[in-house]
Amino acid sequence: MSASNRDEVRLNRDKSVFARFIHQWDLQVLVIPSLILILVFSYIPMYGVIMAFQEYKLGEKLGFSEWVGLKQFVYLFSEPAFPRVLRNTLIISGLKILINFPIPIIFAVMINEMRAKQFKKVVQTVSYLPHFISWVVCATLMFDMFSTDGGAINELLKWVGVTKSGIPFFNRSNYFWGLTVATDLWKELGWNSIIFIAAIAGVDPQLYEAADIDGATRIQKIWYITVQTIKPTIIILLIFTVGGMLNANFDQIMMLTNQMSNAQLRETGDVIDTFVYRFGLQQMRYSFATAASLFKTVINFVLLLITNHVAGKLGDTALL
Amino acid sequence: MRIKRSRSDYFIDGLILLVMLMVLVITLYPFLNSLAISLNDSKDSVKGGITIWPRVFTWNNYVLIFNNERIPRAYLISIARTVIGTILGLLFTGSLAFGLAHTNLVGRKIYTIICLIPMYFGGGIIPTFLLIKSMGLLNNFWVYIIPGVVGLWNMILMRTYFQTIPDGLEESAVIDGASYLRIFFQIIIPISAPIIATIALYIGVAQWNSWFDAAMYITKDSLKPMQTILMNVISEARYAEQLAQSGITDVGNMLKGQNTNVRSITMATMVVTVLPILMIYPFLQRYFIKGIMVGSLKG
């Protein structure tokens with residue numbers, strides 16, 4: 001829908017901006033209420049970030065507190081829990097990129113190789129399902145699956161003989177990294193594969209036919225045609241994933257740790273976002289928590305710039 | 001042309017089949033198992049061994065949770081926030097998208113920049129919390145609706161769709177003297193059913209599944225949605241016991257069933273929470289996927 005009425009456009013060109021604004025009041029009325037909501041609910045908190053350089057006290061107006069310079073950041077870096085929080089964030093995200101990024105690609109390739117159309121559809125439909133349930137529901141299912149009291153995983157482990165009384169997975173910190181990776185894979189495997197399945201669908205079938213004539217094996221066709229064609233998609237998504245590396249999925253970790261109330265899991269489960277939540281909203285150290293959150297935003301942005309630069313160097317589509 | 005299939009071909013097919021069967025089982029089993037437990041007699045469940053079929057069938061666990069006033073009330077809150085949130089979300093997001101789809105919109109460049117920046121930067125939870133608090137939205141139903149009523153990613157999807165509508169349609173309406181408001185409500189909305197369905201499902205699922213806003217801004221029991229109730233049930237066994245007890249009149253029964261009920265109650269609450277999502281899943285699948293395709297084409 002470009003300029004809808006040419007006469008109107010010609011007329012508008014001669015008038016001042018203000019007159020044009022008034023003339024199209026009915027169009028402005030449609031956008032201005034939404035824009036005001038964006039300004040209030042997105043821009044005021046953005047402005048409020050300056051409280052990271054202040055000492056906010058309850059009852060004060062956002063951004064009008066006493067300036068303290070970098071004091072909050074000095075506190076942050078001398079906070080004994082902070083190195084652990086950084087480590088957990090990087091390890092959980094790193095494991096997810098290492099394991100849960102490539103598996104959906106492999107899954108998509110496998111889906112593409114399936115011959116039974118009906119069965120293929122069933123698998124796809126089922127695999128997308130967990131994406132639509134909340135992490136609250138997902139945690140409920142996982143707590144039950146991994147419970148020591150008749151949970152399927154522990155029953156299986158007992159049957160195989162790995163354990164006698166069951167492993168209390170969600171009460172020991174040493175299983176937590178594995179659990180975040182596994183539950184994330186369970187929930188998002190199918191969903192994350194959709195974009196790759198779509199990319200594979202766009203591959204020119206003639207390429208496969210040509211490869212058949214040249215006597216290529218199936219593995220060769222997968223590697224040299226399918227994977228090569230979807231490489232740009234893979235790289236773009238990898239950039240996004242690495243760029244958001246410090247996010248570590250707040251929803252998931254909050255739910256799997258019972259909103260961080262499970263102290264056993266803090267050793268391996270406390271990440272930047274949960275740290276901000278604990279210090280900001282539970283201990284009400286608002287400025288301190290905002291500083292931690294700002295630190296995360298800055299690092300995330302730097303990561304995005306770096307990965308984009310690297311991708312640009314590789315000669316593929318850059319983002320920014 | 002058809003190439004003869006080699007032995008390694010059959011091996012690959014078998015391997016894929018096996019992997020896919022595993023994916024099916026691992027994905028579905030937790031759901032079926034919980035459903036079976038929720039439909040099984042709680043005293044029988046404690047013996048263990050329930051897989052995907054209830055052994056002693058009963059509706060009792062559901063009767064129990066619905067006899068507790070908290071669950072129906074939370075259900076109503078969840079339904080209300082989903083319905084109101086979806087309608088208002090569509091209205092505010094759609095009208096903004098409609099406006100920005102017009103090249104003759106005065107201020108279009110500035111408006112677009114205003115919309116793009118929050119897609120990449122945010123203030124984080126602390127300033128947002130303090131803002132909501134200063135606006136008096138704590139313990140207020142509208143905190144579920146207003147702060148996120150304009151979804152910017154959704155707006156981009158809708159704008160892209162609106163831009164593909166042929167100009168002629170609107171031109172003829174303008175010649176007839178229709179205002180933009182009339183064009184939006186009487187011409188554009190009726191012909192945009194596919195994108196509206198997609199975005200409605202996006203917003204609806206997000207509203208139904210949302211728990212964080214309730215955890216941050218709501219302390220009043222009467223305003224808590226289903227997700228929060230389920231959260232309480234899994235984090236506090238005692239809460240589940242309370243739910244269980246409130247429906248039982250026989251004290252002896254109650255004492256005997258105390259420990260056994262928790263798991264059944266949790267599962268019944270979980271099933272009730274996830275049911276609406278499962279019921280609309282066929283639509284979800286169709287429209288969500290269309291949505292990501294549009295999004296990815298846009299880049």
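Predicted model: local features only at pLDDT ≥ 70, side-chain atom pairs only at ≥ 80, totals over all residues.
**Exercise 1. Decide where chain B can be read with confidence.**

Solution. 
- Take the model scores: ipTM is 0.87 and pTM is 0.88.
- Take the chain. Mean pLDDT of chain B is 86, with 87% of its residues at 70 or more.
- Compare elements. Helix 4 (residues 70-100) of chain B has the highest confidence, at 96. Helix 13 (residues 237-246) of chain B has the lowest, at a mean of 61.
- Over residues 249-259 of chain B, pLDDT stays under 50. The model has 7 contacts beyond four places in sequence for this stretch.

**Exercise 2. Summarise the fold of chain B, then examine B:N61 within it.**

Solution. 
- Count elements. Chain B has 15 helices and 0 strands.
- Of the 299 residues in chain B, 52% are buried.
- Among contacts in chain B with a separation of 6 or more, 71% join residues 24 or more positions apart.
- Chain B has about 14,000 Å² of accessible surface, and carbon and sulfur atoms hold 67% of that.
- Zoom in. B:N61 sits in helix 3 (residues 60-67) of chain B. Its relative accessible area is 2%, so B:N61 is buried.
- List partners. Beyond four places in sequence, B:N61 contacts residues including B:I37, B:N40, B:N261 and B:A268.

**Exercise 3. Trace the nonpolar surface patch.**

Solution. 
- Name the members: A:F301, A:L305, B:I113, B:I117, B:Y120, B:F121 and B:W153. Together they have about 700 Å² of accessible area.
- Assign elements. Helix 17 (286-313) of chain A and helix 5 (108-120) of chain B each give two or more residues. Helix 5 of chain B gives the most, with 3 residues.
- Check one member. B:W153 lies in helix 7 (residues 152-163) of chain B. At 54% relative accessibility, B:W153 is exposed.

**Exercise 4. Contrast the salt bridges A:E267–A:R87 and B:D213–B:R81.**

Solution. 
- Begin with the total: the structure holds 18 salt bridges over all chains.
- First pair. The side chains of A:E267 and A:R87 meet at 3.5 Å, N to O. A:E267 is in helix 15 of chain A and A:R87 in helix 5 of chain A, so the pair ties together parts 180 residues apart in sequence.
- A:E267 is partly exposed at 37%, and A:R87 is partly exposed at 34%.
- Wider setting. A:R84, A:R87, A:E267, A:D270 and A:R278 are linked in a network of salt bridges.
- Second pair. B:D213 and B:R81 meet at 2.7 Å, N to O. B:D213 in helix 11 of chain B and B:R81 in helix 4 of chain B are 132 residues apart.
- B:D213 is buried at 13%, and B:R81 is buried at 2%.

Note on methods: Residues numbered from 1 in each chain as written. Chains lettered and ligands numbered in written order. Heavy atoms only, no water. pLDDT = per-residue confidence, 0-100. Helix = DSSP H or I, 4+ residues; strand = E, 2+ residues; numbered from the N terminus. Contact = heavy atoms within 4.5 Å. Patch = residues over 30% accessible without salt bridge, like charges linked within 9 Å, V, L, I, M, F, W, Y side chains within 5 Å. Areas by Shrake-Rupley, 256 points an atom, 1.4 Å probe, with all protein chains shown as cover. Salt bridge = Lys/Arg side-chain N within 4 Å of Asp/Glu carboxyl O. Buried < 20%, exposed > 50% of the residue type's maximum accessible area, 1.4 Å probe, protein only.
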